[in-house]
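Colleague: Could you take me through one buried spot in this model, and then through how its surroundings are packed? I'd like the cut-offs as you go.

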Amino acid sequence: MHTVSIAIRALTKSYGALTALDSFDLEVEQGTIFGLLGPNGAGKTTLIRILTTLMRQSSGDAFIEGLDIQRYGCEIRSMIGVVSQENSLDRYLTARENLELHARLHGMEKQLYKRRIDELLELMGLAGRQKDFPDTFSGGMQRRLVIARALVHQPRVLFLDEPTTGLDPQSRRAVWEYVRSLAGSMTIFLTTHYLEEAEQLCDRIAIMDHGRLIALGSIQELKDRLSGATVYEIEFTGQGAAHYAALLASMPCVLDVTQVGHKVTVTLECWECLSEIVTALNGAPVRRISLQERTLEDVFISLTGQKVRE
Amino acid sequence: MLRGAMAIWQRDMQVLRRSIISELVAVVAYPLTIYLAFGIGMQSYIGLVDGAPYALFIAPGLITMTAVSAAYNESVWSLWFHRRVQFTIESYRVTPVSVSEIVIAKIFTGFMHGLIKGCVVGMVIFAITPFRFPMEHLFQYLLFLIPGSALFSCAGIIGGTVMDKPETIGKVEAVLVMPLIFMSGLFFPLSSYPSSLLVWVRALPTTALFEGARRALVAGDLMPLPALQVVLSSVVAFAAAVFIFRYKMSE
Ligand SMILES: Nc1ncnc2c1ncn2[C@@H]1O[C@H](COP(=O)(O)OP(=O)(O)OP(=O)(O)O)[C@@H](O)[C@H]1O
Ligand SMILES: [Mg+2]
């Protein structure tokens, strides 16, 4: 049975004349990892701030575990964990005290949170530094501490706004591994700019831009949607590349040809025309023909364009 | 219901405990310098004010000033810092704690800073100067000092909520808070004001506070009207602080 954990209906948020969220619709299933992607200023943080009751929507509705975010703010906050885009650690409290304060704000009993905090510090590799102040931590350690804080009260829904920004590959992998281990027991809603992160972690992905949802599905579904065209890279030995590039460009089933040095990239209407290409290249000094896998990045760029956002 | 407020207030007191010595040294230095410069240095030029030596005349006001400005400063800077720099207010707001609890905790912290620092300055002045007052006057004095610290803490909370830039906070302190304190008869008797102006000066809750507090401490007078004025102002400021903070957070 699939139960909906987060339901968003026609959610809209305007800052004056700017519409940061434009009738946004989305459903996230319980126990899954959901990734929200989008260029800078797309409205990802705005959406998370509304869902975590930090901000009120201009119109539309949203429900967390069936509860209306506008009416049941307190109940919702007691079952969500939030890692915001900026680290909001208290630099006057030690790492451990940061977690303890959070536990107390959630009304947890001391004997309960003591053990839980021990576990989390161990898990995040911070046990040895628990008596230090967070401003003596590296960026990655601070981020891990924020994630630990969001988990102290064992939330049912976890919101992560760019959880691994600024982390080195090792720390990023450690966070991924941990997030993956949580899936199933809680619903995870994350935003990221790292497409690899989304591919590694998420069951489903949404891509948004200018406050609107522009694509939704599993990674494979999104890649498949990137038109039926397939791209091959052909590497030649010797000087023939330019000649064969011109020859390939004249073939009807070839949509596009680009040549850089010995390498020619051809875009075909469909993979069935590969045999025609091979026939045409009969006797050519071909060293290698390889299929270019579509990446999530291709999907992302094709949907949101090349232009850098101001 | 106030469990969350308690947790935040305890956090503030824990942080204060850690830095109490340096905080107190800083807070005692200023009034003590003023006391030495004016009370001792200028005493022989000034003579008696309202029948008392000048050093005695200004001592209660210096204690009151320390308390209320400590309450104001703690509240305004702490709220600004937690809201704009550290984003800790936001981390409180994603827990089941209500916005009112957060602001109540912060008001109470500022109030405690005022009370603690006022008491310490009082003790220092008591220990190293000839300023003396009968112990039973302390009760009347506290009837002014407690709502006075609360009033300034609430004013600080309002300031820290509405002002986003640190330089604005500095400017407001220079043009509003310090003049209000100095105008309220801290260094001179109110009778020095021309009578046309005096009506307005007396209408200020700060004047009621400083004048009432001095009379309470030195003479043991409990002037009901000024006391009521300070209490009412602090109640209004409390309601305003809670309302403004909640409004700002719902934006
Ligand atoms: N408090 C605010 N007042 C006015 N406009 C805002 C405010 N917060 C965000 N915006 C605007 O809303 C839009 C969406 O911002 P948001 O922070 O949600 O983007 P984002 O997708 O999280 O971007 P990033 O990837 O850079 O974090 C942006 O155009 C931003 O300028
Ligand atoms: Mg963002």
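**A buried alanine and the packing beyond it**

Modeller: Happy to! Ala198(A) is buried, with a relative accessible area of 0% (buried is under 20%, exposed over 50% and partly exposed in between, using a 1.4 Å probe and protein chains only). This is a predicted model, in which local features need pLDDT of at least 70 and side-chain atom pairs pLDDT 80 or more, while totals for chains, interfaces and linings use all residues. Residues are numbered from 1 along each chain as its sequence is written, chains are lettered from A and ligands numbered from 1 in the order written, and side-chain values use heavy atoms, without hydrogens or water.

Ala198(A) sits in helix α7 (residues 195-201) of chain A; helices are DSSP runs of H or I with at least four residues, numbered from the N terminus. Beyond its neighbours within four places in sequence, Ala198(A) is in contact with Leu37(A), Thr192(A), Ile205(A), Ile219(A) and Leu296(A), contact being heavy atoms within 4.5 Å. Leu93(A), 105 residues from Ala198(A) along the chain, has its C-alpha atom 33 Å from that of Ala198(A).

Now the cores, each a set of buried Ala, Val, Leu, Ile, Met, Phe, Trp, Tyr and Cys residues joined through side-chain atoms within 4.5 Å. The largest has 75 residues, and Leu62(B), Ile125(B), Phe152(B) and Ile181(B) touch the most other members. Helix α4 (residues 54-85) of chain B supplies the largest share of this core, 16 residues. Leaving out residues up to four places away in sequence, Phe152(B) touches Val68(B), Ala71(B), Tyr72(B), Val177(B), Ile181(B), Thr206(B) and Leu209(B). A second, separate core of 46 residues includes Val83(A), Leu126(A), Ile205(A) and Leu296(A); Ile205(A) and Leu296(A) are among the contacts of Ala198(A).

Elsewhere in chain A, helices α5 (residues 139-151) and α6 (residues 169-182) pack at about 15 degrees, with their axes 11 Å apart. Axes are lines fitted to C-alpha atoms, for helices over the stretch in contact, and angles run from 0 to 180 degrees between N-to-C directions. α5(A) and α6(A) are therefore roughly parallel (under 35 degrees; over 145 is roughly antiparallel, 65 to 115 roughly perpendicular, the rest oblique). Arg144(A), Ile147(A) and Leu151(A) of α5(A) meet Ser171(A), Val175(A), Tyr178(A) and Leu182(A) of α6(A). That contact has 5 nonpolar, 1 polar and 1 charged residues, where Ala, Val, Leu, Ile, Met, Phe, Trp, Tyr, Cys and Pro count as nonpolar, Asp, Glu, Lys and Arg as charged, and the others, Gly among them, as polar.

How values were computed:
Helices (H or I, at least four residues) and strands (E, at least two) are DSSP runs, numbered from the N terminus.
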